[in-house]
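Here is a short report for a reader new to this structure. Look over the fold before reading on.

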Amino acid sequence: MEEPLPFEFQAALATTAAERGAFGARLHYFTETGSTNDLAAAAADRGAPEGTTFVAGAQTAGRGRRGREWFSPPGAGLYLSTVVRRASMAPWLTLAGGVAVAEGIRVSTGLPVQIKWPNDIVAVPGAGFKARRKLAGILAEASSGPGGVQHVILGIGINIGPASFPPELSDRAGAIETELGRHVDAGPVLAQVLAGLNRVLSEVEHSGPPSLFTRWLELAPSAYGERLEWDGPHGVLTGVSAGLAEDGALLARTPDGLARILAGEVRWV
């Protein structure tokens with residue numbers, strides 16, 4: 001059941017109204033729901049305008065890429081989904097969402113997060129950690145009709161506070177508060193992520209995808225010069241990251257030449 005928006009969200013959203021544009025202008029809050037992506041998709045099917053946003057304090061059926069469950073316990077994260085109706089943005093929304101979330105976290109908390117292709121927001125190694133810890137993820141789900149893409153639901157999950165992660169996540173998941181060693185209000189994070197999304201999409205519309213690629217690469221230093229492996233059609237492949245292709249694919253230099261990675265699991269080694 002929908003509930004009143006917490007005060008910390010109201011205050012942060014009020015101070016960013018001009019920067020957010022349509023995003024969050026219509027916002028629905030739930031202490032707990034199944035999936036904010038499902039709520040946003042149903043609203044979009046009913047004609048909800050761009051920027052309509054659903055936020056939850058917990059999800060019982062949150063999901064990430066490749067059908068995986070997104071761990072969404074109460075009191076530990078920020079889970080939101082928003083409607084995007086700019087069909088021309090559909091191919092770039094995962095990259096745009098990554099930039100918006102990374103910039104939103106940086107502005108609201110000061111934590112210098114990075115992007116890991118294609119849709120992970122990570123904390124860099126340090127402070128006793130040897131590997132990158134995933135702090136947030138993005139899931140873009142498009143709905144198409146006879147005329148093409150009708151809308152895209154951009155789902156975002158952000159680990160704000162520490163949680164008892166399942167064993168399969170405990171060695172690679174983290175939380176913003178753990179990285180900073182202090183409390184973090186979710187309201188400013190939400191407001192700055194939505195403001196970042198509005199800004200990034202407006203820039204792409206005005207200047208084209210190259211402006212998005214430039215900023216994405218600035219926030220994703222692992223996209224150049226780092227060893228990685230990925231699952232190919234005939235087994236595991238290895239190479240060295242070499243930037244982005246014009247369609248957003250990750251490039252990797254291999255003994256056989258330049259490879260394009262469009263989907264699947266990429267592991268930095």
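The text below covers the sheet, the helices across it, a pocket and one glycine.

This is a predicted model. Seven strands form an open sheet, in the order β1-β2-β3-β7-β6-β5-β4. Their pairing is mixed. β1 (27-30) and β4 (114-116) stand at the edges. Each has a single partner strand, so one side of each lacks a neighbour in the sheet. From one strand to the next, the twist averages 20°.

Strand β3 (residues 77-84) and β7 run antiparallel, joined by eight bridges. Leu 78 has Ile 158 in β7 as its bridge partner. Strands of a sheet pair through backbone hydrogen bonds.

| Helix | Lies across | Angle |
|---|---|---|
| α3 (residues 36-45) | β1, β2 (53-56), β3, β6 and β7 | about 155° to β7 |
| α4 | β3, β4, β5 (120-123), β6 and β7 | about 145° to β6 |

β6 gives the most, with five residues. By class, the lining has 14 nonpolar, three polar and four charged residues.

Last, the glycine. Gly 174 sits in the loop between β7 (148-159) and α5 (176-180). Is Gly 174 buried or exposed, and why? Gly 174 counts as buried because its relative accessible area is 7%, and buried means under 20%. The C-alpha atoms of Gly 174 and Ala 245 are separated by 30 Å. Along the chain, these two residues are 71 residues apart.

Technical notes
Residues are numbered from 1 along each chain as its sequence is written. This is a predicted model: local features need pLDDT of at least 70, side-chain atom pairs count only at pLDDT 80 or more; totals for chains, interfaces and linings use all residues. Side-chain values use heavy atoms; hydrogens and water are left out. Helices (H or I, at least four residues) and strands (E, at least two) are DSSP runs, numbered from the N terminus. Buried means under 20% relative accessible area, exposed over 50%, partly exposed in between (1.4 Å probe, protein chains only). Ala, Val, Leu, Ile, Met, Phe, Trp, Tyr, Cys and Pro count as nonpolar, Asp, Glu, Lys and Arg as charged, and the others, Gly among them, as polar. Two strands pair if DSSP finds at least two bridges between them. Axes are lines fitted to C-alpha atoms, for helices over the stretch in contact, and angles run from 0 to 180 degrees between N-to-C directions. Contact means heavy atoms within 4.5 Å.
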